Amino acid sequence: MNGVSGVSGVNGEDDMGGTGGGTGGTGRDLGGFLRARRGRVTPEHVGLTGGRRRRVHGLRREELAQLAGISVDYYVRLEQGRATQPSAEVLDALAGALGLGTAERAHLTTLAAARREPPPTARVSPLLRRILDALGDFPAFATDHRLDVVAWNPLGAELIGGLADPARRDRNNARFLFLDPASRLVHPEWEDRAAEAVGQLRVAAGRYPQDTELAALIAELTAASGEFRRIWDSGEVVMCAAGRKRLRHPAAGLLTLNFETLHVPAAPGETGLVVHVFSADEDSAEATALAGLAALAVS
């Protein structure tokens, strides 16, 4: 994972080219995230005058410190990783000044924690496999915190591109999205799916900074994909949710499906898994298409 670029003096301007977090020390991760999010807030958005001679994107450090009600020196030390374990009040003030949402606030709190969790292992229990199979007409698959697809049912495998055949696609969703051109055919809303993947990897990297496999994946994508670097540097944070997604299948065509994400709790020393379940509205063209795919998946 990329390191965080250096920061100049209190009244100077900083290099905005660093990443918004990493798997290094907790101070570096927190500082990188604050820097990235500061770059996304325009002065006008918070009632300040931007001016024409600004050398930074977004807010200056002193502007954010003023909005949060903390000293400029203390904020600079936070960005540089020299101040650690900020209070809950300081974190809340920074989150408010930056306009962070619920997932972003949770990530900020994780990054500021003195100790974070060791890298976990993922285990697919026999019961989870039975549940996936029992879903039958609902495409479903499970991912771990690295976005590795670790379990699926036949319809889920068919819907998102042949998971059962490793020669057809990479089983890591982030690697598939950024390194396989076929992902843009499967996901018409590719930009949204890419932002979700990066945001989920960021949450995982903040929670498990000692996970060398995760760090290697992020380093690989950073080196190979300019689009990954662009989204990563923006400080995107995403948690799995529910809604509607569009997917394209070579046989079924373009499908607009409902999706839910179900969280499987972690056992001690393991990581919880996320089960992604898709469905179609009753009596819709998508329901007919999924029935056809179900027959194809078991043939």
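This report describes the helices, the nonpolar cores and the sheet of one predicted model.

**Helices and cores**

Helix α2, which spans residues 61–68, and helix α4, which spans residues 88–98, have axes that come within 8 Å and cross at roughly 115°, and the crossing in which α2 passes α4 is right-handed. On the α2 side the contact is made by Leu64, Leu67 and Ala68, while α4 contributes Ala93, Leu94, Ala97 and Leu98.

The largest nonpolar core holds 25 residues, of which Leu34, Ile70, Leu78, Leu94 and Leu108 touch the most other members. Two or more residues are given to this core by each of α1 (26–38), α2, α3 (72–80), α4 and α5 (102–112), and α4 gives the most, with six residues. Ile70 touches Ala65, Tyr75, Val90 and Leu94, if residues up to four places away in sequence are not counted. Another core lies apart from the largest one and has 19 residues, among them Trp190, Ala204, Leu217 and Phe228.

**From α5 to α6**

The loop between α5 and α6 contains Pro120, which is buried, with a relative accessible area of 7%. Because buried stands for a relative accessible area under 20%, the 7% found for Pro120 places this residue in that class. Pro120 and Gln210 are 90 residues apart in sequence, and their C-alpha atoms are 9.7 Å apart in space.

**The sheet and its covering helix**

Five strands form an open sheet in the order β2-β1-β5-β4-β3, with antiparallel pairing. The edges are β2 (149–152) and β3 (243–249), each of which pairs on one side only. On average, and with direction ignored, neighbouring strands of this sheet are turned by 35° against each other. Strands of a sheet pair through backbone hydrogen bonds, in either a parallel or an antiparallel sense. The table lists pairings in this sheet, each with its number of bridges.

| Strand pair | Sense | Bridges |
|---|---|---|
| β3 and β4 (residues 253–264) | antiparallel | seven bridges |
| β1 and β5 | antiparallel | four bridges |
| β1 and β2 | antiparallel | three bridges |

Individual partners can also be named for these pairs. Leu247 has Leu255 of β4 as its bridge partner, Thr143 stands opposite Val274 in β5, and Phe141 stands opposite Trp152 in β2.

Strand β1 is covered on both faces, with Ala140 and Ala142 buried on one side and Phe141 and Thr143 buried on the other. In a regular strand the side chains alternate between the two faces of the sheet. The hairpin of β1 and β2 has five residues between the strands, and in this hairpin Leu147 takes a positive phi near 70°.

Helix α6, formed by residues 126–135, lies across β1 (140–143), β2, β4 and β5 (273–279), and the helix runs at about 55° to β2.

Technical notes: Residues are numbered from 1 along each chain as its sequence is written. This is a predicted model: local features need pLDDT of at least 70, side-chain atom pairs count only at pLDDT 80 or more; totals for chains, interfaces and linings use all residues. Side-chain values use heavy atoms; hydrogens and water are left out. Axes are lines fitted to C-alpha atoms, for helices over the stretch in contact, and angles run from 0 to 180 degrees between N-to-C directions. A crossing is left-handed if the near helix is turned anticlockwise from the far one by less than a right angle, and right-handed if clockwise. Contact means heavy atoms within 4.5 Å. A nonpolar core is a set of buried Ala, Val, Leu, Ile, Met, Phe, Trp, Tyr and Cys residues joined through side-chain atoms within 4.5 Å. Buried means under 20% relative accessible area, exposed over 50%, partly exposed in between (1.4 Å probe, protein chains only). Two strands pair if DSSP finds at least two bridges between them.
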